[in-house]
Each structure stands twice: as structure tokens, then as C-alpha cells.
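Here is a short briefing to read with the model open beside you. Take a look at the metal site, then at the fold around it.

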Amino acid sequence: MYHDVYHHDIKESGFQNTGAIPYKLTSREFELHIRAIAKFCESGKMNKNEVALTFDDGGESFHSIIAPILEKYGFKGYFFVTTVLIGTRGFMNDKQIADLHNRGHFIGTHSHTHPKNIAELPYAEIESEWTKSVETLNKIISAKVKVASIPGGFYSEQSRIALKKNGVELIFNSMPTKKIDHNSDNQYIIGRFTIKKGTTIEAVLQLMNNNSVSQFYQFAKWRGLALIRSALGNNYYRIREVMLKNTN
Ligand SMILES: [Zn+2]
């Protein structure tokens, strides 16, 4: 799970809040990751189409930097778009999204407004988040969106049901696992490993290589975070912003 990539200025693409900064990689750092992943695949350890490289939020760098690098090394990306932000500063417009789709990448929904905790909303709002977003994207790409990623990783059964109603078959959450859940509604729930600025190539390759130690480490951190989040509710974000400001 990646987010934005930038050439010069960390504010070129995507969300501008302090919380988003640790997830943005430089274009050089990103290309080194993708080159290493390609090499790993080319050594016969995995097929390139078995690697799901996902990108959250819908930043302009998906089109300007990320897609060209993926294409150079023979990968397709999963690009998840927050639809209310389409065409605003730092985010892709309709044409760029349609272009990525036409080049064979996967366009998916990342909700309409990127609520802080979508799992806490009443069901009607959850459904409207996914419906508005999927309908907007279906129009833009002239095809049916089949994939989603959950903002902030706040997966819930209600989101799953609302996504089913909208024809979404593949749901990426933020649970660091390689286990894929397949349910009776014929949907696949797929975990992801978070890549941040400074995540080393060795760490990325360890995750690819079925290294259970680094997977367990991410899983343990995620469990801890999930517990803290549910205890703090919306205060989690306020506290996280303050903590990030103090460490920068
Ligand atoms: Zn997001």
C-alpha cells in the first residue's frame, strides 16, 4: 500500500495534512522499490500480475509519476480515488483517471469524501459514500468499478454490504496479511502491507519473500494501533496530528 510520490515538493500531490507526510515517497525512492520488486519477479519467484501495488487517495502523482514508473517495469497499479477531490489542487482530474484506465491500470473507489472513520457512520451515510463514488467513477471510465480500498483502513461489514450493492468485488483493507477472504457474496477481502517514506528495499523484499517475521511485526503494530484507535475514537486523529508535529 503506497500513497503519493513526489519529485521536489512533498506538497505536490495528495493530502496536505501532517498525517499524510510519512506516506509520501520521493520519485527516486519509489523507482528503486519498483525496480527491486520487478527484479524479484524476474528471478522467477513470483509473477508480476500476482503483485498488487495499490495507491490510495487519488493524488495527481498517480498519473504524472507513478503510472509511468510502473509501466517501465511491467506493472499495473490499483489506483484508489477519493471522488469529491477529483480535479482539486494536487488530485487527478477526470481525464487523467480515464487515461490510467485506458492504459490498463485498475481504477477503484476510496469513498466519496474520505471520512475520518467510515465505520462509525450510520449505514445510510456509509452507503451513500460508496454509491456516489462508484457512480462518479463509472461515468469517468465508462466501465464498472470493481475494486475499493477503505479509507484509513476502517473496514466494516456495513461497508462490505454497501460495496456489494455497488458491484464491487475486490476490497482492500489495511490489515497486514496475505490471507485473502472470499465470502458467499463472491467478494474478496484483501489485506495490505503499508509502505512509508524510508521503508527499505530489504523490508519490501522481505514482505514479498513470505518473511513471517516482518509480516508479524507489521501485524503486531496494526493490532496495537487498532486497539488505540477504538479506545480514542475521533481523538485518535487529533492526537496523531499533535504527535507527528512534535516529531518533525
Ligand atoms: Zn486514504
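The zinc ion is held by three protein donors, Asp-57 (OD), His-110 (NE2) and His-114 (NE2), which lie 2.1 to 2.2 Å from it. Donors here are N, O and S atoms within 2.8 Å of the metal (3.2 Å for Na, K and Ca), and water is not among the atoms, so sites may look incomplete. This is a predicted model, in which local features need pLDDT of at least 70 and side-chain atom pairs count only at pLDDT 80 or more, while totals for chains, interfaces and linings use all residues. Residues are numbered from 1 along each chain as its sequence is written, and side-chain values use heavy atoms, with hydrogens and water left out.

- Along the chain, the zinc donors follow the spacing D-x52-H-x3-H.
- Helices (H or I, at least four residues) and strands (E, at least two) are DSSP runs, numbered from the N terminus.
- Asp-57 is buried, with a relative accessible area of 6%, whereas His-114 is partly exposed at 22%.
- Buried means under 20% relative accessible area, exposed over 50%, and partly exposed in between (1.4 Å probe, protein chains only).

**Backbone points to check**
- Asp-57 has a positive phi, near 100 degrees, in a residue other than glycine.
- Asn-186 is not a glycine either, and its phi is positive at about 60 degrees.
- You will find Asn-186 in the loop between strand 8 (180-182) and strand 9 (188-190), where Asn-186 is partly exposed at 46% relative accessibility.

**The overall fold**
- The protein has 8 helices and 9 strands.
- Its radius of gyration is 17 Å, close to the 18 Å from the globule rule for 248 residues, so the protein is as compact as a globular protein of that length.
- That radius is taken over C-alpha atoms, and the rule is 2.2 Å times the number of residues to the power 0.38.
- The C-alpha trace spans about 45 × 40 × 40 Å along its principal axes.
- Of the 248 residues, 46% are buried.

**A residue in helix 5**
- Ile-161 belongs to helix 5 (residues 157-165) and is partly exposed, with a relative accessible area of 34%.
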